Amino acid sequence: MTLPQASTGGLTIGTGGLRQLHRSLLQYAPDAAISVLQESGYAAGEGVYAALSAWLGTHAGTEHPEELDATLFAGALSDFFQASGWGSLTITPVGGAALALDSPDWIEAEPGSAQMPMCFFSSGMLSDLIGRVSGEQVAVMEVECRSKGDSICRFLSASPATLQEVYDKMAAGMSYVEALQG
């Protein structure tokens, strides 16, 4: 599958550029790296939404992702990211208040290179993208990452309040699965 020539506001960032951005920020501005990557990803969400909309017009018969039911949207989103070179995604509900977006081949991850989840750009981008599709404010937090040796990158998507609660419980020693159960 190829991507249509849609206006996304400019050029895209490739794997090498994104990984160098990670390395440079962590080396020269480690205290700001996470925020800069998340905010940059969030700003990229608008262009990703435009590209997804254009892609859907040629692959799903609509340029409005919010018109697709959840099953069709999940499959279309995975196909779009695969066609874009970012990797595949599966979307499943977790704990009744969140969605898990899982990828065994997400491009931002550098397997075995970190001790914590590192797909900060993607977390910001997915937050903006899913928020645009759902019409609600959405937060995204990566809880498993191939960069730290996990088999998948797992992003949780939920309301900001829900993810703040999950984060607080994880900081207190609970797993994200336990935090989402109650």
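**Strand pairing and helix packing in the predicted model**

P93 has L99 of strand β2 as its bridge partner. The structure is a predicted model, in which local features need pLDDT of at least 70 and side-chain atom pairs count only at pLDDT 80 or more, while totals for chains, interfaces and linings use all residues. Residues are numbered from 1 along each chain as its sequence is written, and side-chain values use heavy atoms, with hydrogens and water left out. Helices (H or I, at least four residues) and strands (E, at least two) are DSSP runs, numbered from the N terminus.

Strand β2 (residues 98-103) is joined to β1 by 5 bridges, and the two strands run antiparallel. Strands are taken to pair if DSSP finds at least two bridges between them. On this basis 4 strands form an open sheet in the order β1-β2-β4-β3, with antiparallel pairing. Its edge strands, each of which pairs on one side only, are β1 (90-94) and β3 (139-144). Neighbouring strands of the sheet are turned against each other by 30° on average, direction ignored. For the angles and axes given here, axes are lines fitted to C-alpha atoms, for helices over the stretch in contact, and angles run from 0 to 180 degrees between N-to-C directions.

Two helices pack on this sheet, contact meaning heavy atoms within 4.5 Å. Helix α4 touches β2, β3 and β4 (153-158), and its direction makes about 140° with that of β3. Helix α5 (residues 160-171) touches β3 and β4, and its direction makes about 30° with that of β3.

A salt bridge is a side-chain nitrogen of Lys or Arg within 4 Å of a carboxyl oxygen of Asp or Glu, and by this rule the count comes to 5. One of them is formed by R154 with D102, whose closest N and O atoms are 2.6 Å apart. Because R154 lies in strand β4 and D102 in strand β2, the pair ties together parts that are 52 residues apart in sequence.

Packing between helices was examined next. Angles under 35 degrees count as roughly parallel, over 145 as roughly antiparallel, 65 to 115 as roughly perpendicular and the rest as oblique. Helix α2 (residues 33-59) and α4 have axes that come within 6 Å and cross at roughly 40°, and the two helices are therefore oblique to each other. Residues of α2 including I34, Y42 and L52 meet residues of α4 including F120, M125 and V133. Ala, Val, Leu, Ile, Met, Phe, Trp, Tyr, Cys and Pro count as nonpolar, Asp, Glu, Lys and Arg as charged, and the others, Gly among them, as polar; the residues of the contact of α2 with α4 divide into 12 nonpolar, 6 polar and 3 charged.

The axes of α2 and α3 come within 11 Å and cross at roughly 105°, which makes α2 roughly perpendicular to α3. This contact is made by V48, A51, L52, W55 and L56 of α2 and by F73, A76, L77, D79, F80, F81 and A83 of α3, and by class it has 11 nonpolar, no polar and 1 charged residues.

Helix α3 (residues 70-84) also packs with α4 (residues 120-134), at an angle of about 140° and with the axes 14 Å apart, so that α3 is oblique to α4. The crossing of these two helices is right-handed. F73, L77 and F81 of α3 and M125, L126, L129 and V133 of α4 make the contact, which has 7 nonpolar, no polar and no charged residues.

Notes
A crossing is left-handed if the near helix is turned anticlockwise from the far one by less than a right angle, and right-handed if clockwise.
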